Amino acid sequence: MGEVRVGIIGVGNIASMLVQSVEYYKFLGSNEGLIHEVIGGYDIRDFKFVYAVDVSSEKVGRDLSEAIFAYPNMVSRFVDVPRLGVTVRMGRVMDGVAPHMVEDFKPIRLPEPSEYELVREVVDSGVDVLVNLLPVGSEEASRFYARVAAKAGVAFVNAIPVFIASSQHDGVVDLAFKTGAPILGDDIKGQLGSTIIHRALASLTRMRGARLVETYQLNIGGNTDFKNMLALERLKTKKESKTLAVASTQDNPEALLREEKVYAGPSGYIPFLGNTKISHMYMRIKAFAGSEVEVEVKLKVDDKAMATAVLVDVLRIAKILKDSKLGGSIPWASAFYFKHPPTPVKSDYEALKMLYKGLEELGVEAKPKLLEYY
């Protein structure tokens with residue numbers, strides 16, 4: 001089938017996990033832990049990293065195989081990564097570095113490239129899919145790189161909570177449609193992260209004829225993501241994305257949101273937790289004959305592993321869409337994998353059916369077919 005040629009925007013912890021995971025699965029020789037082993041003939045070993053940009057003095061100018069372990073990244077080195085021959089390029093700072101993160105991200109003092117220069121680099125590098133892994137709150141920078149991808153005619157995967165795939169207001173989606181550049185997003189769900197588990201429990205409530213009265217989700221972690229989110233002004237879309245992902249499972253999402261009966265969002269930074277995320281979820285439910293049910297759940301996960309498991313699927317789907325010349329926002333391709341997709345879906349079962357139908361219409365198969373297990 002060939003390669004899935006990936007460009008990375010923001011060489012942080014998820015980038016480190018993604019690059020290492022390709023080498024890990026080459027060494028492992030099995031597909032244990034993947035959501036789909038093969039999509040359209042591509043497996044994880046078909047990934048090739050061909051381009052990367054960052055703004056850190058610790059990363060710009062270094063080979064990607066070295067930059068993924070540079071400060072302040074904290075994903076452990078769990079596999080040997082050979083030299084990749086990809087030098088991390090200087091990107092645009094814009095709003096990607098919050099004032100309180102300057103000492104962590106250490107932006108380098110170099111001339112910033114123009115949009116034209118970045119488009120040229122993406123094209124010359126033969127990128128299939130450009131993945132946005134910038135810090136939460138990077139609104140301006142994320143839209144800028146989405147335009148770069150659209151003008152270069154490559155797929156754009158928006159892993160962070162900036163509403164691009166799910167927005168029609170700034171012309172990026174229209175431009176991508178015209179150039180045949182697919183956009184997938186917004187805000188990646190973890191494989192077994194807090195949002196997907198919270199959604200599953202909320203969907204189960206509705207499926208069993210009960211009613212969700214109120215619920216919250218509180219998350220703490222110790223990496224730069226959580227430190228970055230100490231700036232509350234950078235959290236608006238993150239909280240909206242996570243909250244809507246839970247509320248949309250119910251028959252009355254508007255009322256729940258209006259009455260502020262659903263809360264989901266980052267809640268604290270504890271440095272010693274590192275890449276471990278701890279999530280506490282609470283649900284109060286009205287059930288049969290007015291009886292009440294209360295559910296409390298604690299989840300502890302490697303946050304970056306959970307995100308990367310989903311990216312491995314999404315990057316392959318984005319490559320297939322690009323090769324099929326399907327540009328713009330593709331709702332069926334995003335619904336199963338993102339917290340704030342273009343079209344919210346009440347259950348992940350429904351979202352998975354949408355995904356398989358869309359792939360089938362392109363003559364593409366995903367293996368294993370997970371619906372067979374329901």
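Predicted model: local features only at pLDDT ≥ 70, side-chain atom pairs only at ≥ 80, totals over all residues.
Local features are reported at pLDDT of at least 70 and side-chain atom pairs only at pLDDT 80 or more, whereas totals for chains, interfaces and linings use all residues. Residues are numbered from 1 along each chain as its sequence is written, and side-chain values use heavy atoms, with hydrogens and water left out.

An open sheet is formed by seven strands with parallel pairing, in the order β4-β3-β1-β5-β6-β7-β12 (strands are DSSP runs of E of at least two residues, helices runs of H or I of at least four, both numbered from the N terminus; two strands pair if DSSP finds at least two bridges between them). Because β4 (89–90) and β12 (328–329) each have a single partner strand, they stand at the edges, and one side of each is left without a neighbour in the sheet. Strand β7 (residues 182–184) is joined to β12 by two bridges, the two running parallel, and Ile183 stands opposite Ser329 in β12.

Helix α4 (residues 115–124) packs on this sheet, touching β3 (47–54), β4 and β5 (129–132), where contact means heavy atoms within 4.5 Å; the direction of α4 makes about 165° with that of β3. Angles run from 0 to 180 degrees between N-to-C directions, and axes are lines fitted to C-alpha atoms, for helices over the stretch in contact. Helix α11 (residues 303–323) lies across β1 (4–9), β3, β5, β6 (155–158) and β7, running at about 160° to β7.

Helices α7 (residues 194–207) and α9 (residues 236–247) pack at an angle of about 25°, with their axes 8 Å apart.
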